[in-house]
Structures are given as C-alpha cells and as structure tokens.
Amino acid sequence: STSFEPGHYVAIDHAMKSIVFAIRGSCHIQDFLLDLTASALPFQDGSAHTGMLKAALKKYELVSDILLKQRQLYPSYNIITCGHSMGAGVASIFTLIFHQAYPEIPIHCYAYGAPCIFS
C-alpha cells in the first residue's frame, strides 16, 4: 500500500469466464489514513467518501488498461471487482467509474463489509 493506493491483484478465472480485480481491505497505516479521509467530494449525482474516491480514481488510472487488454484476449469474459471493507468501498466506486467510461463492457462488483461511501 501507498498513499490512497491499497493492494490489489488481477486474475483470470477461466471456469467462471471472468477477469477478476480484487482490492485488499485495510492492512497498513496508509490504509487507515485512507479510511479516515472521510469528508465528501462531489461524485456523479451526490457525493462520495474522499479517501475511497481518490483511491478508486488511482486504481482506474493504474488498472483500466490492464483490464481492457485482458478483455481483448477474452472478449466473452465479464469483469468482476471485489473487496472487503475499505477494498469493498474502493471496488464499488471503481466499478461505477469504469462502467461510466465503458458501458458496453459487463462489470459486476462484490463488496463484502462495505462501508458507507455515498450520500
């Protein structure tokens, strides 16, 4: 983890025909600082948790091209994002950002123990 960048990995699940983008929950001090950056920033039609929105935007810059390249290799595969706790919040926001940019690509999010991130 670094500032506003929790750990993650991308994997291919051939059995489920999915490209999986998993984001780790809070683990390091930097993650807890991200959790505590809880003011609201404008996002879509409301507002979002500042720390998690910043993390999701960083992940979008870092991982979108990887997901798109994998999608070219496996055009029938869906994209799955998932996370727990802070990772769930970041994955949820990432999913909305990615879907807005690429509405034609199926993407689903599994958020476990997600915090309140929108208002």
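Colleague: Which residues does phenylalanine 98 touch, leaving out those up to four places away in sequence?

Modeller: This is a predicted model, so keep that in mind throughout. In it, phenylalanine 98 touches Tyr60, Ser64, Leu67, Leu68, Ile79, Ile105 and Ile107, once residues up to four places away in sequence are set aside.

Colleague: And how many residues are in the largest nonpolar core?

Modeller: The largest nonpolar core has 24 residues. Those with the most contacts inside it are Leu67, Ile79, Val90, Ile93, Phe94 and Phe98. E2, H2 and H3 each supply at least two residues of this core.

Colleague: Let's stay with H3. How many of its residues are buried?

Modeller: 12 of the 16 residues in H3 are buried, so the helix is mostly covered. Among them are Met86, Val90, Ile93, Phe94, Ile97 and Phe98.

Colleague: What span should H3 have, and how far apart are its ends?

Modeller: At 1.5 Å a residue, H3 should span 22 Å. Its end C-alpha atoms are 23 Å apart, which agrees.

Colleague: Switching to rings. How many aromatic pairs are there?

Modeller: The count comes to 6 aromatic pairs. One of them joins phenylalanine 21 and phenylalanine 94: the ring centres are 4.9 Å apart and the planes sit at 65°, so this pair is edge-to-face. The pair links distant parts of the chain, with phenylalanine 21 in strand E2 (residues 18–23) and phenylalanine 94 in helix H3 (residues 86–101), 73 residues apart.

Colleague: Are phenylalanine 21 and phenylalanine 94 buried or exposed?

Modeller: Phenylalanine 21 is buried, at 0% relative accessibility. Phenylalanine 94 also comes out at 0% and counts as buried. Phenylalanine 94 has a pair with tyrosine 60 too: those ring centres are 6.2 Å apart and the planes are at 50°.

Colleague: Why is that tyrosine 60 pair called tilted?

Modeller: Edge-to-face needs planes over 60 degrees apart and stacked needs them under 30, so at 50° the pair of tyrosine 60 and phenylalanine 94 is tilted. Here tyrosine 60 lies in helix H2 (residues 50–73), 34 residues from phenylalanine 94.

Colleague: Which residues do the ring pairs link into a cluster?

Modeller: That cluster contains Phe21, Tyr60, Phe94, Phe98 and Tyr102.

Colleague: What does serine 92 touch beyond its neighbours within four places in sequence?

Modeller: Serine 92 is in contact with Cys109, Ala111 and Ile117. Serine 92 lies in helix H3 and counts as buried at 15% relative accessibility.

Methods
Residues are numbered from 1 along each chain as its sequence is written. This is a predicted model: local features need pLDDT of at least 70, side-chain atom pairs count only at pLDDT 80 or more; totals for chains, interfaces and linings use all residues. Side-chain values use heavy atoms; hydrogens and water are left out. Rings of Phe, Tyr and Trp (its six-membered ring) pair if their centres lie within 6.5 Å; planes under 30 degrees apart count as stacked, over 60 as edge-to-face and the rest as tilted. Helices (H or I, at least four residues) and strands (E, at least two) are DSSP runs, numbered from the N terminus. Buried means under 20% relative accessible area, exposed over 50%, partly exposed in between (1.4 Å probe, protein chains only). The expected span of a helix is 1.5 Å times one less than its number of residues. A nonpolar core is a set of buried Ala, Val, Leu, Ile, Met, Phe, Trp, Tyr and Cys residues joined through side-chain atoms within 4.5 Å. Contact means heavy atoms within 4.5 Å.
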